[in-house]
Amino acid sequence: MRHAPATFSRAELPSPHSHATSDRCPVDVDTLTGDRLQKAWLSVSTAYTAAMSVTAARQPQKVFLDGLNFCYVLFPDGTPHQNLDVLLKNVNALVTAAKASGYELTVFVDDLQVTLAKEDVWMDRREKQLESRNVGLQGMSTLLTDAFRACGASIRYAVNVDNDIAMASHAELDGAIIVSRDNDFAQFQHSTFAVRDELKVANGRLTLTMTDRLAERMKRLPKIKYMELDPPPALSSEPYLQSHITYKGRYRRGVTTCLNKECGNPHIDARPLRQAVYARRKIPGPVIEIFPVWDAATVSASWTNDQVEPDDAWDEFLDKPAEAFDRIFPKSKTVRPSGVSDEDWENHLSSLRCVVYELCVMGRGIKKSLLELLMDHYGGLSKASSQASSSSSRHADMDDLLESLGASMSGLTLDSKAKLVYTFRCIGCGINDGITQYDYDYFISMGFVMPRRCKVCKKTQKAMRAAGISTGRGRGRGRGQSRSFPAETQTASRFDLDGDDLGSSHSFGDPSW
């Protein structure tokens, strides 16, 4: 910030006679009148401003990371759920590179704060997950924040407001860069903060970039959101709704395992332990528990709506995670269904253990994080840590592991341009193209069919339409006749993933699209 020049009278200037024997004031100030005095002041002011600029340049640039947007980068899809060292190693690489690049990283997490406006969308996505079996790492939100905390990054949760509003408001005040793939940040009115949607770690440095897609949406999307700047929304370093409890008296969780259809939702099996959490944490009952389950009769997803009272009958098991797991999921309940692959079965068992251990962490009787408990079990940390007693949230064995990870990070590369999980041959030019897991999930959640044209061909079509040149869409092959499509192939949306206005008559089921 540039300071206004100080004002003083001529009599307050230092006397040249007081410096007769030194070179502190070689100029005879009595001769600095008019233009000469103004030039002298400008010289001092310029030097001061330059010094302030150097000081400001040494301050790290604040970066607000929308954490769950990049979970597939930090824990790539297809990684066995037991390999939590992959998550910790990648988070450590990101945090270390951010510091080396002059960034002060703060991670915002919104998994625990689902507002009513987004509730239907959230539930619809979970139903599609249940049907498709496309289920990621159980407890990702908790494990991700545990990893960032262990690596020294700051974690923030929004309180009583959407996460995007909290991030936008504080980024506007702090001059921070927002790193997110959400469209919301392109829609805030009068915002001046920068937005980036891709990150890359290479050679120990972090690079933040904006894709063409985000740049286009920053221009085209209507500015309809308002930031709450006065006062800015409150933030917390701990989950405001402490692990999903007390949100309007409800405990709501999604799809836990890829074998939900065959084995049921494990949150229901763990209910006695959760009732002990309610009792220990003095959560008033009844708590309405809402989970997605598979209804074989209707061949569709449905939701529980059970009223559950606190009960301390299982209180002792909150401090004994391994015993709690064996009691809730004995061998008789962990029989492998026929036709299940080794990978799916191991991931299923990991999800069961995560459900139990997460409840033990909620009980607050254990001084370790969920990440530490699971890595203890899978051998990621020294077995001695399970007998260690410490009130610190970051144990010596975790420090040792991070040190060993740091020594092995040379040459490690993280790139939010994740691997392609769906590939296709463009019907326009014939090249092979594809979309990432992030885009694939977006297509599924919005009910879109998978793309058939590459981005270059889509841009070409868009330019041709803008120039009034027919692209031949919606026409028969060579006959110029209109083509009709079944009603079930149509959708109410008028925008595809790349932001093209398709027109109300266009069908996403058109095989030529």
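Is His190 buried or exposed? I looked this up and found His190 exposed, at a relative accessible area of 73%; exposed means over 50%, buried under 20%, and partly exposed in between, with a 1.4 Å probe and protein chains only.

I noted that this is a predicted model, where local features need pLDDT of at least 70, side-chain atom pairs count only at pLDDT 80 or more, and totals for chains, interfaces and linings use all residues. Residues are numbered from 1 along each chain as its sequence is written, and side-chain values use heavy atoms, with hydrogens and water left out.

Confidence. I read an average pLDDT (the predictor's confidence in each residue, from 0 to 100) of 75 for the chain, with 68% of the residues scoring at least 70. Over residues 1–27 pLDDT stays under 50, and I found that it also stays under 50 over residues 382–395. Where pLDDT is low, the predicted coordinates should not be read in detail.

Backbone. I returned to His190 and found a positive phi near 60° in this residue, which is not glycine. His190 sits in the loop between β4 (177–179) and β5 (194–196); strands here are DSSP runs of E, at least two residues, numbered from the N terminus. Val299 also has a positive phi, near 55°, and lies in the loop between β11 (292–295) and β12 (300–303). I counted Val299 as exposed, at 58% relative accessibility. I also looked up the peptide bond from Gly285 to Pro286, which is cis, with omega near -5°.

Burial. I noted that buried residues make up 42% of the 513 residues in the chain.

Key:
Contact = heavy atoms within 4.5 Å. Helix = DSSP H or I, 4+ residues; strand = E, 2+ residues; numbered from the N terminus.
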